[in-house]
Amino acid sequence: MNIHEYQAKEILKGFGVTIQEGIVVDSPEKALQAAKQLNKDTGTSWYVVKAQIHAGGRGKGTVKETGSHGVVLAKSQEDVVPTVKGIIGGTLVTHQTGEAGKKVNKVLIAQDVYYPGDSEPKEYYLSILLDRAKGCNVIMASTEGGMDIEEVAENSPEKIVKEWIDPAIGLQGFQARKVAFGLGLSGAAFKGMVKFIFSLYKAYEATDSSMFEINPVLKTSDDKILAVDAKVDLDENALFRHKDLAELRDLSEEDPLEVEAGQSDLNYVKLDGNVGCMVNGAGLAMATMDIIKLSGGEPANFLDVGGGANATTVEAGFRIILKDPNVKAILINIFGGIVRCDRVANGVVEAYKNIGDIKVPIIVRLQGTNAEEGAKIIEDSGLKVTSAIVLKDAAEKVKEVLA
């Protein structure tokens, strides 16, 4: 589960991670109050206004309506309100949002931490995630902070420091020091980075997160180490242990169809194709998407109804798929193992009748337990539903309806 930057920073702060302080607001009027409070609390006189959306590249992104970037420096309290007006309520387009962009409902008013001092501020990259191949958590760090780590990995892989953590032992002191040394730090900044890494790792484990990415981590001009940005991905499978973190979910940032599918216990991901698919099992769903592409179509979604498919789940799946205007055909591919094919067939017929006139062609491929009985139910229904047993036949029928 993705959360906003301001939410991620609050989590980190609770575990002793030093952060760039800020106050989130949802209107220009509240922004001025936040700036005054920050000035009182931190002494800052410059303010960083940061759009809060679930996407990266905000600083380089552009608000469609105003031309403003998603991260803007306001050099006085008087500049805060007009700066916020140029961002909030607008549609921010970044390299991660695509051309549609995302509406900005909130902005973070943050303190300026790039103040002058004895040395130049320096940005670093730091993340913690699970290395599935090794079965260990891995800390990744780089001196190239503020850049996309993919770009660094491609152009300067030698600048990435990696340290694997045995989950049975946990993070050791020498490992945190090794990362800090790898970043070329010394003195107070070195000690600050070691403490920062320990606090960050503690937060990562305690929240059952799947990824922490701090980009950039800043060494200030007076050698303090703090998180200027924070991306936290929470493991949805562990949220039952963290009711407080589950409440951080922002449904307005998610695809409405994916939210609706989740409420019906369906695993759904919207794609950009023209053939909707409904399948039981993630592996079969991936194979079905391949078949759709081989037939000349493009999958419009990933939809796994699970092993307990019934009339209710099938109908919910139908309704969600049909809400996508790009769908020109629907392929239902069911392997009857836990669930019987005749049960699914009855569900398809019942759902079809409940929804009413479905204008796109439907191909149903049933295989496994009671597959023949299921095919007969489809054929005898009198509905505009085409039955198939072999996957190749299903693909050919998809090709025919798309021609």
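Contact here means heavy atoms within 4.5 Å. The model shown is predicted.

**View 1. His242 sits in a loop between a strand and a helix.** The loop runs between β13 (231-234) and α7 (243-246). His242 is buried, because its relative accessible area is 12% and the cut-off for buried is under 20%.

**View 2. His242 meets residues from another part of the sequence.** Neighbours within four places in sequence are left aside here. His242 is then in contact with Ala206, Thr207 and Asp208. Take Thr207: 35 residues separate His242 from Thr207 in sequence. In space, their C-alpha atoms are 7.4 Å apart.

**View 3. The side chains of His242 and Asp208 form a polar contact.** The distance for this pair is 2.7 Å.

**View 4. Helices α11 and α12 pack together.** Helix α11 covers residues 341-355, and helix α12 covers residues 371-380. Their axes lie 7 Å apart, at an angle of about 15°. Angles under 35 degrees count as roughly parallel, so α11 and α12 are roughly parallel to each other. The crossing of α11 past α12 is right-handed.

**View 5. Residues of α11 and α12 meet where the helices pack.** From α11 come Cys341, Asp342, Ala345, Asn346, Val348 and Val349. From α12 come Ala371, Glu373, Gly374, Ile377 and Ile378. By class, this contact has seven nonpolar residues, two polar and two charged.

Note on methods. Residues are numbered from 1 along each chain as its sequence is written. This is a predicted model: local features need pLDDT of at least 70, side-chain atom pairs count only at pLDDT 80 or more; totals for chains, interfaces and linings use all residues. Side-chain values use heavy atoms; hydrogens and water are left out. Axes are lines fitted to C-alpha atoms, for helices over the stretch in contact, and angles run from 0 to 180 degrees between N-to-C directions. Helices (H or I, at least four residues) and strands (E, at least two) are DSSP runs, numbered from the N terminus. Angles under 35 degrees count as roughly parallel, over 145 as roughly antiparallel, 65 to 115 as roughly perpendicular and the rest as oblique. A crossing is left-handed if the near helix is turned anticlockwise from the far one by less than a right angle, and right-handed if clockwise. Ala, Val, Leu, Ile, Met, Phe, Trp, Tyr, Cys and Pro count as nonpolar, Asp, Glu, Lys and Arg as charged, and the others, Gly among them, as polar. Buried means under 20% relative accessible area, exposed over 50%, partly exposed in between (1.4 Å probe, protein chains only). A polar contact is a pair of N or O atoms within 3.5 Å; within protein, one must be able to donate a hydrogen and the other to accept it, and residues adjacent in sequence count only if both atoms are side-chain atoms.
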